[in-house]
Amino acid sequence: MKDNLKVKKVILEAVDNQLRDNDPPETRQTYERLIKTGISESEAKAYIAKCISVELSNIMKNGEPFNDKRFVKNLNNLPKEPIG
């Protein structure tokens, strides 16, 4: 359970880094779009974290590289669940 909390914290830090650096810009755009629809800041970050988690899962399970196109597609489809 502690490991899950550590992983969640690291992924949320990645979201914060993407927002701070505006890299990729789609993360900031998605965050702002979600906020405008009434989703809280923490929920918006959690949604974005799910998209990062999909990519990390594919890296770890399948040895795939980070798929930028899939990541952006999943961001654009939020708040729908991201597809791996």
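Residues are numbered from 1 along each chain as its sequence is written, and side-chain values use heavy atoms, with hydrogens and water left out. Because the model is predicted, local features need pLDDT of at least 70 and side-chain atom pairs count only at pLDDT 80 or more, whereas totals for chains, interfaces and linings use all residues.

Helices are taken as DSSP runs (H or I, at least four residues; strands, E, at least two), numbered from the N terminus. Helix α2, residues 25–36, has 12 residues and reaches 17 Å from its first C-alpha to its last, close to the expected 16 Å, the expected span being 1.5 Å times one less than the number of residues. The buried residues of α2 are Thr27, Thr30, Tyr31 and Leu34, where buried means under 20% relative accessible area, exposed over 50% and partly exposed in between (1.4 Å probe, protein chains only). Seen down the axis of α2, these buried residues fall within an arc of 100°, so they line one face of the helix; the arc is that of the directions from the helix axis to the C-beta atoms. An α-helix has 3.6 residues a turn, so residues three or four places apart point the same way. The buried residues of α2 pack against α1 (2–21), α3 and α4 (68–77), contact being defined as heavy atoms within 4.5 Å. Just after α2, Gly38 takes a positive phi of about 100°.

The axes of α1 and α2 come within 8 Å and cross at roughly 100°, which makes α1 roughly perpendicular to α2. Axes here are lines fitted to C-alpha atoms, for helices over the stretch in contact, and angles run from 0 to 180 degrees between N-to-C directions; angles under 35 degrees count as roughly parallel, over 145 as roughly antiparallel, 65 to 115 as roughly perpendicular and the rest as oblique. In this contact, Gln18, Leu19 and Arg20 of α1 meet Thr27, Arg28 and Tyr31 of α2. The axes of α2 and α4, in turn, are 9 Å apart at an angle of about 10°, and the two helices are therefore roughly parallel to each other. Glu26, Thr27, Thr30 and Arg33 of α2 make this contact with Phe71, Val72, Leu75 and Asn76 of α4.

Helix α3 (residues 41–62) has 22 residues and reaches 32 Å from its first C-alpha to its last, close to the 32 Å expected. Its buried residues are Ala44, Ile48, Ala49, Cys51, Ile52, Val54, Glu55 and Asn58, and what covers them includes α1, α2 and α4. Gly63, which follows α3, has a positive phi near 70°.

Apart from neighbours within four places in sequence, Pro82 is in contact with Lys50, Cys51, Val54 and Asn74. The C-alpha atoms of Pro82 and Val54 are separated by 7.1 Å, although the two residues lie 28 residues apart along the chain.
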